[in-house]
Amino acid sequence: MINNVERAVRTRHIKNSVFKWGVIAFTFIAVLPLIFILYYLVQKGVTSITWAFLTHMPKPVGETGGGILNAIVGSAIIIFMACIIAIPFSIAIGVYLSEFPKAGIANWARLSIDMLQGVPSIVIGIVIYEWVVKPMGGFSAISGSIALAIMMIPPIAKATEETLKRVPAGLKEASFSLGASYYQTTMRALLPAAMSGILSGVILSIARISGETAPLLFTSFGNPYLSANITKPMSSIPLLIFNYAISPYDEWQKLAWGASLVLIIFIFLLNIITKIAERKWKVQY
Amino acid sequence: MNGLFGERKREVINPNGVEVTGLLSSEMLKMAQYKENERMNKLQTKNVNCWYSDFHALRDINMEMKHNTVTALIGPSGCGKSTYLRIFNRMNDLIEGFRLEGEVLIDNKDIFAKDIRINELRKKVGMVFQKPNPFPKSIFENVAYGLRVNGVTHKKFIKETVERSLKQAALWEEVKDKLDKNALSLSGGQQQRLCIARAIAIEPSVVLMDEPTSALDPISSAKIEELIWELKAKYTILIVTHNMQQAARVSDKTAFFYLGELIEYDDTKTIFTNPKKEKTQNYITGRFG
């Protein structure tokens, strides 16, 4: 009898440690490629990152040196415009979904958002090509921004909805009880209280789209020169990486590695900013 | 008499049609207003029935409350006292499936009439909730919120009103040096007094309190009770409470609700010393509920 109990306890212990080490091993295996990619990127790219690399234009084939200034400026402009387009729409959708979760359109909106999240980015690029690029008569930075904005909507709308749902009902009641209208309650009480969640949704979506190449191929196209005209083709970091990485020239491939590292550092910084923002604007209810 | 004083005279004719004659000095106006308050019901409900979908929450409630009084609503959980409280600022309208029949009057006006603007109504009827629910904003902005949403932009006026409201809510001394601090950094009792200051900043004439001290410690509760007693001079107060002693201490009149019905409504003293109904007697002596 006692033997049986002892044996049961021992088996349980063994199972326990097997499970524990299994979980650790799988996590390690999953993280390993990530670390490897980062290591490889740093190793390849770190030599090309210099001040000149960030502030100079690419040089013609055959000449050494040159930078990616046009791509950095292009990415900044395209992402900035994408934010301006996406943020109001996404927040509006999020507010609607959390306020009227059972309304007729809400179910359709939620389904569309889930679907949109799963649509391959190249498909979005093609659709925007048909809808915007063709009618406009040529590639343009703004069409790239629209494509990226569409990709930004699902994560921001979801983040807004989820955060607003967690804002306690008491806040809403308090606002209404002071004679605030529905609009005032949303703008002055609910959205500020949900700020941290919405903001982290926005930043993470920026991180997500800043590396997107496919939707930009058919839209903003790329541009070897520095341009700030949003109705004309514009370069961006992912496009530059794509173009230079498939080129046969060592010099250009080196630039691509450097640009990849710049992009990764940018995304890394965004993640850190998210963490800080979440902590700083965290709302205790 | 329809000449010069025509407009002002109308103000002091009370609904019973008794006219105030002679010279209308401001003193007399005040006196007349006072007498009118004495006679007139500030709040009144006639045959009010409420439903949440199929659930019949209130049954034929007839009650009237005078100006400058504190009325306590007591009864076991789910008896409808909170529902009753919340019909006066139409807070129940937010709940899906809520339906009301009968008349709810404030200053003899039906607040469920079509031409009533719900925001205007809620400006006149302040509310303090069970759980302190300050906005995650600064202390100052919390009190100023009601003014701002009602379109007040005059900076000096807002500042003065915030100060006055915080003083009225007996919180000024504790927070005057940290008005820009987040309201959530205050203690529970302070938060609740802040919510009271927020409610009275827009100068309502009625203040509804839904178990305002149930989440607070005894000392904070005592402060709030003291405050209620002082606020009575300016407002008509309706308070829901589970605390019998509190009802006895702060209120002039007490209403006992049970299963959606108003069992007894009388002077607080009478309710607690000499109730007419057996159910009331049983409840206040703690035999059920």
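Between chain B and chain A of this predicted model, the count is one salt bridge, and it is formed by B:Arg86 with A:Glu173, whose closest N and O atoms are 2.9 Å apart. Across the same interface of chain B and chain A, six residue pairs are found in polar contact, both residues of each pair being at pLDDT 80 or more.

On the side of chain B that touches chain A, the elements giving two or more residues are helix H4 (118–124), strand S6 (125–128), helix H5 (139–149) and helix H8 (188–200) of chain B, and of these H5(B) gives the most, with four residues. The contact as a whole takes 24 residues from chain B and 19 residues from chain A, while the area buried between the two chains is about 1,800 Å², of which carbon and sulfur atoms give 61%.

The largest pocket holds about 640 Å³ of space and is lined by 19 residues, with A:Ser98, A:Glu99, A:Pro101, A:Lys172 and B:Leu94 lying nearest its centre. Chain A supplies at least two lining residues from each of helix H3 (69–99), helix H6 (141–166), helix H7 (169–177) and helix H8 (182–193), and H7(A) gives the most to this lining, with four residues.

The residue classes of the two sets are set out below.

Definitions and conventions: Residues numbered from 1 in each chain as written. Chains lettered and ligands numbered in written order. Predicted model: local features only at pLDDT ≥ 70, side-chain atom pairs only at ≥ 80, totals over all residues. Heavy atoms only, no water. 1 Å grid on protein atoms, 1.4 Å probe; cavity = no way out; pocket = protein on both sides within 12 Å on 5 of 7 lines; lining within 4 Å. Points joined across faces, edges and corners; volume = space filled by probe spheres on them. Contact = heavy atoms within 4.5 Å. Buried area = accessible area lost by both parts, 1.4 Å probe. Salt bridge = Lys/Arg side-chain N within 4 Å of Asp/Glu carboxyl O. Polar contact = N/O pair within 3.5 Å; in protein donor to acceptor, adjacent residues only side chain to side chain.
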